[in-house]
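Dear colleague,

I am passing on the structure we spoke about, with the sequence alongside. Please look it over first, and then read the notes that follow.

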Amino acid sequence: MVHQSSILDKEHAELLEQLEDASLKNNGVSELFKEMHSKFLVHLAKENETILPLLSYVKAVSDGKVIGEDQNYINAGEKFRKDYDKMVSEHRKMRDLIGKVEEKLKVHPNAQLSRLVGFLLEHIELEEEFLYPSARMAAKTIRLEHELKGMAVR
Ligand SMILES: [Fe+2]
Ligand SMILES: [Fe+2]
């Protein structure tokens with residue numbers, strides 16, 4: 001199984017760098033990229049604490065590793081449950097910004113910037129269609145195991 005968390009990590013680093021670049025250039029849409037970059041930073045911090053560890057958990061399980069009670073995974077799962085709606089709405093806001101950039105690029109085409117917003121959109125889609133559901137499932141499993149363990153101790 002491909003290690004999703006490391007792919008995600010790499011994509012985040014690339015996106016962050018490119019968004020920052022685009023926000024610093026005099027390209028007519030730098031203000032929009034500035035906003036996207038700062039939203040992305042806030043959003044990224046949440047993903048680093050939630051889906052990244054949860055996807056590492058999925059990887060460890062699929063590699064057949066025995067995972068005992070691990071507070072880091074429990075915390076990641078609980079934080080993801082708490083932040084999920086907010087994180088999805090941050091994606092929605094980024095999609096709105098992407099739409100605004102695309103409108104401007106229709107008037108002043110820029111292949112590099114079009115590629116960048118396309119990359120960001122694909123990233124969001126990959127997360128929502130595949131990675132967020134995997135992380136959500138992992139969070140449920142972790143919580144269930146934690147609860148079952150608590151019952152066994154009682
Ligand atoms: Fe992301
Ligand atoms: Fe995201």
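**What was found**

Of the contacts in the protein between residues at least 6 apart in sequence, 75% join residues at least 24 apart, where two residues are in contact if their C-beta atoms, placed from the backbone, lie within 7 Å. Please keep in mind that this is a predicted model, in which local features need pLDDT of at least 70 and side-chain atom pairs count only at pLDDT 80 or more, while totals for chains, interfaces and linings use all residues. Residues are numbered from 1 along each chain as its sequence is written, and chains are lettered from A and ligands numbered from 1 in the order in which they are written.

The protein has five helices and zero strands, and its pattern along the sequence reads α-α-α-α-α; helices (H or I, at least four residues) and strands (E, at least two) are DSSP runs, numbered from the N terminus. Taken along the principal axes, the C-alpha atoms fill a box of roughly 65 × 30 × 20 Å. Buried residues account for 23% of the 154 residues, a residue being buried if 20 or more other C-beta atoms lie within 10 Å of its own, exposed if 12 or fewer, and partly exposed in between, with C-beta atoms placed from the backbone.

**How the helices pack**

Two packed helices are described by the angle between their axes and the distance between the axes. Axes here are lines fitted to C-alpha atoms, for helices over the stretch in contact, and angles run from 0 to 180 degrees between N-to-C directions.

Helix H1 (residues 4-24) packs with helix H2 (residues 30-49) at an angle of about 150°, their axes being 7 Å apart, and H1 and H2 are therefore roughly antiparallel to each other. For these words, angles under 35 degrees count as roughly parallel, over 145 as roughly antiparallel, 65 to 115 as roughly perpendicular and the rest as oblique. H1 passes H2 in a left-handed crossing; a crossing is left-handed if the near helix is turned anticlockwise from the far one by less than a right angle, and right-handed if clockwise. The residues of the contact of H1 with H2 divide into nine nonpolar, four polar and two charged, where Ala, Val, Leu, Ile, Met, Phe, Trp, Tyr, Cys and Pro count as nonpolar, Asp, Glu, Lys and Arg as charged, and the others, Gly among them, as polar.

H2 also packs with H4, at an angle of about 160° and with the axes 9 Å apart, so that H2 and H4 are roughly antiparallel to each other, and their crossing is left-handed. On the H2 side the residues that meet H4 include Glu 35, Lys 39, His 43 and Lys 46, and among their partners in H4 are Lys 79, Asp 83, Met 87 and Glu 90. By class, this contact of H2 with H4 has seven nonpolar, one polar and nine charged residues.

H3 and helix H4 (residues 71-107) pack at an angle of about 125°, with their axes 9 Å apart, and are therefore oblique to each other. The contact is made by Ile 51, Pro 53, Leu 54 and Tyr 57 of H3 and by Asn 72, Tyr 73, Ala 76, Gly 77 and Phe 80 of H4, which divide into seven nonpolar, two polar and no charged.

The buried residues of H3 are Ile 51, Leu 52, Pro 53, Leu 54, Leu 55, Tyr 57 and Val 58, and H3 is followed by Gly 64, whose phi is positive, near 80°.

Met 87 is found in helix H4 and is partly exposed, with 18 other C-beta atoms within 10 Å. Leaving aside neighbours within four places in sequence, Met 87 is in contact with His 43 and Lys 46.

Leu 105, also placed in helix H4, counts as partly exposed with 17 C-beta neighbours inside 10 Å. Leu 105 and Gly 28 are 77 residues apart in sequence and 9.2 Å apart in space, C-alpha to C-alpha.

Ala 138 has its place in helix H5 (residues 111-153) and counts as buried, with 23 C-beta neighbours inside 10 Å.
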